[in-house]
Amino acid sequence: MGLNLDSEVLKAYGYAKENTRITQIGTGLINRTYLLSPLSEEKKYILQNINTSVFKQPQAIANNLRAIADYLNFAYPEYLFIKPVSTTNGEEMAHIRDEYWRMLPFVPNTISLDVLADPKQAYEAAKQFGKLSRLLDNFDAKTLQPTIPGFHDLGLRYEQFTLALNKIVEALKEQAKSEIEGALAHKYILDYYTSYSHRKDFPDRVMHHDTKISNVLLDDETYEGICVIDLDTVMPGKFISDLGDMMRTYLCAFSENETDLDKIKIRLPYFEAMIKGYLSEMKSILTETEKELILFSGKYIIYMQALRFLTDFLSGNNYYPTNYPTQNLDRAKNQFKLLHEISVNEKELQDIIEENLV
Ligand code: GN1
Ligand code: MG
């Protein structure tokens with residue numbers, strides 16, 4: 001049935017096509033998302049098809065979310081954690097033919113933004129992601145399953161890049177020459193990380209792993225942060241994942257798809273707001289090692305994303321959907337430019353971090 005929503009999926013949740021309105025929403029690259037409005041109810045739902053070539057064990061997502069929901073429900077019952085709605089059979093997902101679907105409650109009076117238009121939004125979003133980690137500080141992250149093994153493992157991403165590089169034809173090598181050089185020249189980021197990775201005060205934490213602005217729901221009038229969504233990659237990780245991906249996606253006014261590299265600049269007020277928001281929740285929780293690595297988290301994640309786009313380009317664009325053949329190469333160029341901008345502004349950025357750590 002491809003990725004289209006058919007009536008069996010609705011039936012699993014007790015609805016029929018004639019009694020619901022369905023619109024496709026969202027801009028994610030991986031899963032496909034629909035808004036479901038039953039005609040007889042005030043409530044609305046989000047229905048999502050899980051991309052099983054990316055999430056090979058959808059059950060791991062369901063298990064993780066159940067464990068976290070149970071913990072939060074017990075320890076912080078007032079916290080809004082969006083867990084899946086059960087099917088009429090009491091399952092956490094609908095397994096229809098070879099596809100997995102899940103349904104989530106739609107949170108009324110909230111919006112999700114695709115681009116940040118005000119530093120306050122960076123503050124609110126960073127605060128929400130920080131809050132999730134803070135509330136789960138005493139939850140044993142090791143009890144969760146990785147939903148994508150090695151997802152933010154820079155060593156693995158580097159290895160995947162070199163494997164792809166060794167297989168490609170000369171013409172492709174020529175086309176991606178400066179990005180390949182960039183990827184090799186920045187390997188020190190991986191080495192630097194490795195030199196920290198065995199420190200005792202660099203714990204595994206529960207990380208969201210996809211902290212872009214559209215994954216935070218804001219109050220549609222006040223723009224106050226309400227909760228985080230898109231919980232497929234909630235799994236054990238290092239704190240750098242969430243903060244780093246926020247740097248990657250909040251600091252520049254243009255996205256990873258922008259091809260005019262002159263536009264790839266970072267906005268210090270957004271950085272400051274993001275740091276303040278994150279530290280408002282996490283300052284008392286972060287260890288000394290983690291505090292040392294705050295700025296590095298941005299370099300780590302931006303470099304990793306550059307490698308992932310470049311690797312996908314070199315190996316035939318099988319992972320990230322593209323609108324034109326060199327889009328993943330362009331995305332890699334964009335990310336390398338962003339990485340450069342972080343380095344150029346390193347002193348100012350580090351000053352902001354230090355001011356906010358005292
Ligand atoms: C993917 O699907 P989406 O847009 O939420 C990817 C992230 C990347 C992002 C880049 C599971 O996220 O890791 O940072 O694209 N998610 C997965 O746009 O690979
Ligand atoms: Mg996502």
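Q: Which side chain is joined to that of Asn356 by a polar contact of 2.8 Å?
A: In this predicted model, Asn356 sits in helix α13, which spans residues 346-357. Beyond its neighbours within four places in sequence, Asn356 is in contact with Ile275, Lys276, Leu279 and Lys283. From that group, the side chain that makes the 2.8 Å polar contact belongs to Lys276.

Q: Is Asn356 buried or exposed?
A: Buried means under 20% relative accessible area. The relative accessibility of Asn356 is 13%, so the residue counts as buried.

Q: What distance separates the C-alpha atoms of Asn356 and Lys200?
A: Along the chain, Asn356 and Lys200 are 156 residues apart. The C-alpha separation of the two residues is 24 Å.

Q: How many residues of the shell around ligand 1 are charged?
A: The shell around ligand 1 has 16 residues, of which Asp210, Lys212, Glu256, Gln305 and Tyr319 come nearest. Eight shell residues are nonpolar and two are polar. The charged ones number six.

Q: What share of the area that ligand 1 exposes when taken alone does the protein bury?
A: Oxygen atoms of ligand 1 lie 2.7 Å from a side-chain N or O atom of Asp210 and 2.6 Å from one of Lys212. A backbone N or O atom of Ile30 is 2.9 Å from an oxygen atom of the ligand. Taken alone, ligand 1 exposes 440 Å², and the share buried by the protein is 93%.

Q: Which residue has its backbone oxygen 3.3 Å from a polar atom of the Gln128 side chain?
A: Gln128 belongs to helix α3, residues 119-135, and counts as buried because its relative accessibility is 6%. Outside four places in sequence, its contacts are Val216, Gly225, Ile226, Cys227 and Val228. The backbone oxygen at 3.3 Å is that of Gly225.

Q: Which strand holds Ser37?
A: Ser37 has a relative accessibility of 8%, so it counts as buried. Not counting residues up to four places away in sequence, Ser37 touches Asn19, Thr20, Arg21 and Lys44. The strand that contains Ser37 runs over residues 32-38 and is β2.

How values were computed. Residues are numbered from 1 along each chain as its sequence is written. Chains are lettered from A and ligands numbered from 1 in the order in which they are written. This is a predicted model: local features need pLDDT of at least 70, side-chain atom pairs count only at pLDDT 80 or more; totals for chains, interfaces and linings use all residues. Side-chain values use heavy atoms; hydrogens and water are left out. Helices (H or I, at least four residues) and strands (E, at least two) are DSSP runs, numbered from the N terminus. Buried means under 20% relative accessible area, exposed over 50%, partly exposed in between (1.4 Å probe, protein chains only). A polar contact is a pair of N or O atoms within 3.5 Å; within protein, one must be able to donate a hydrogen and the other to accept it, and residues adjacent in sequence count only if both atoms are side-chain atoms. Contact means heavy atoms within 4.5 Å. A residue is near a molecule or strand if one of its heavy atoms lies within 4 Å of it. Accessible areas come from the Shrake-Rupley method with a 1.4 Å probe; for residues, only the protein chains shown count as cover. Ala, Val, Leu, Ile, Met, Phe, Trp, Tyr, Cys and Pro count as nonpolar, Asp, Glu, Lys and Arg as charged, and the others, Gly among them, as polar.
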